[in-house]
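Hi,

Here is the structure I promised to pass on to you.

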Amino acid sequence: MEYTVTTQSIKKDLFIIEYQIKDLSFINDFKSLIDKNVGALSYKTNVKGKMTHWDFFKSVPQFNEILLNMGEIFSAFPFKALTLVQAWGNILEKGDQVVIHNHRYNHISAILYLTEKGPGTYFPQFNKTVFEKIGKFVFFSGEANHSVAKSNVKQKRYTVACNFNEIDEF
């Protein structure tokens, strides 16, 4: 699998890794799945927009296949083995936003961008905005605060967000 990786770290347990997927054949399928499965959580979480159930993308075989094909990126993390805990789809429309939050009970969080030209995801500890690019997967520490400013773009902003935890050994 062809890919590019950009890494930024300010301390061992606080990092951002940007990963660009080259094969984008899944994009329209994922956007369609999100459109058809937004529901009860919409506008009721830190995502002040539409969203699927927290576990929706865990049961999407194509999403799991993409993760399995990204083994080289997961080997860069300081964890022996990771498991996908949650994976959900989001849609932000004009005026929607994601309020600042973190995923502190997870080791790694990630966002897969399915569209471009949005306001980006802001990470205040890095003073960095990661801008949307179709097929970009940004991985970051669960402790990293992040937000998305109110969108002033007419186009819908589609993402898949997910969390990973280390598998404990017995």
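Below is what turned up, taking pockets, nonpolar cores and salt bridges in turn. Please keep in mind that this is a predicted model.

The largest pocket has a volume of about 300 Å³. Its lining counts 24 residues, and V47, W88, H101, H103 and H146 are the closest to its centre. Several strands contribute at least two residues each to that lining, namely β5 (82–92), β6 (97–101), β7 (108–113), β11 (146–148) and β12 (157–166). The largest share, five residues, comes from β12. By type, the lining divides into 13 polar residues, ten nonpolar and one charged.

The second largest pocket holds about 230 Å³ of space. Here α2 (61–68), α3 (71–74) and β5 each give at least two lining residues. Among the residues that line this pocket are N64, L67, F74, K80 and F164. Its lining divides into eight nonpolar residues, three polar and one charged.

On to the packing. In soluble globular proteins, nonpolar side chains tend to be buried together. The largest nonpolar core in this model has 32 residues, of which F30, F63, F137 and F139 touch the most other members. Elements that give two or more residues to this core include α1 (27–37), α2, β10 (136–141) and β12.

Finally, the charged pairs. The count comes to five salt bridges. One of them joins the side chains of E18 and K128, at 3.3 Å from N to O. E18 lies in strand β2 and K128 in strand β9 (residues 128–130), so this pair ties together parts that are 110 residues apart in sequence. E18 is buried, at a relative accessible area of 12%, while K128 is partly exposed at 22%. E18 also forms a salt bridge with K136, with the closest N and O atoms 3.1 Å apart. K136 lies in strand β10, so that pair ties E18 in β2 to a part of the chain 118 residues apart in sequence. K136 is buried, with a relative accessible area of 13%.

Another salt bridge pairs K50 with E93 (2.9 Å, N to O). K50 is in strand β4 (residues 50–51) and E93 in the loop between β5 and β6, 43 residues apart. K50 counts as partly exposed at 27% relative accessibility, and E93 does too, at 24%.

Best wishes

Methods:
Residues numbered from 1 in each chain as written. Predicted model: local features only at pLDDT ≥ 70, side-chain atom pairs only at ≥ 80, totals over all residues. Heavy atoms only, no water. 1 Å grid on protein atoms, 1.4 Å probe; cavity = no way out; pocket = protein on both sides within 12 Å on 5 of 7 lines; lining within 4 Å. Points joined across faces, edges and corners; volume = space filled by probe spheres on them. Helix = DSSP H or I, 4+ residues; strand = E, 2+ residues; numbered from the N terminus. Nonpolar A, V, L, I, M, F, W, Y, C, P; charged D, E, K, R; others polar. Core = buried A, V, L, I, M, F, W, Y, C linked by side-chain atoms within 4.5 Å. Buried < 20%, exposed > 50% of the residue type's maximum accessible area, 1.4 Å probe, protein only. Salt bridge = Lys/Arg side-chain N within 4 Å of Asp/Glu carboxyl O.
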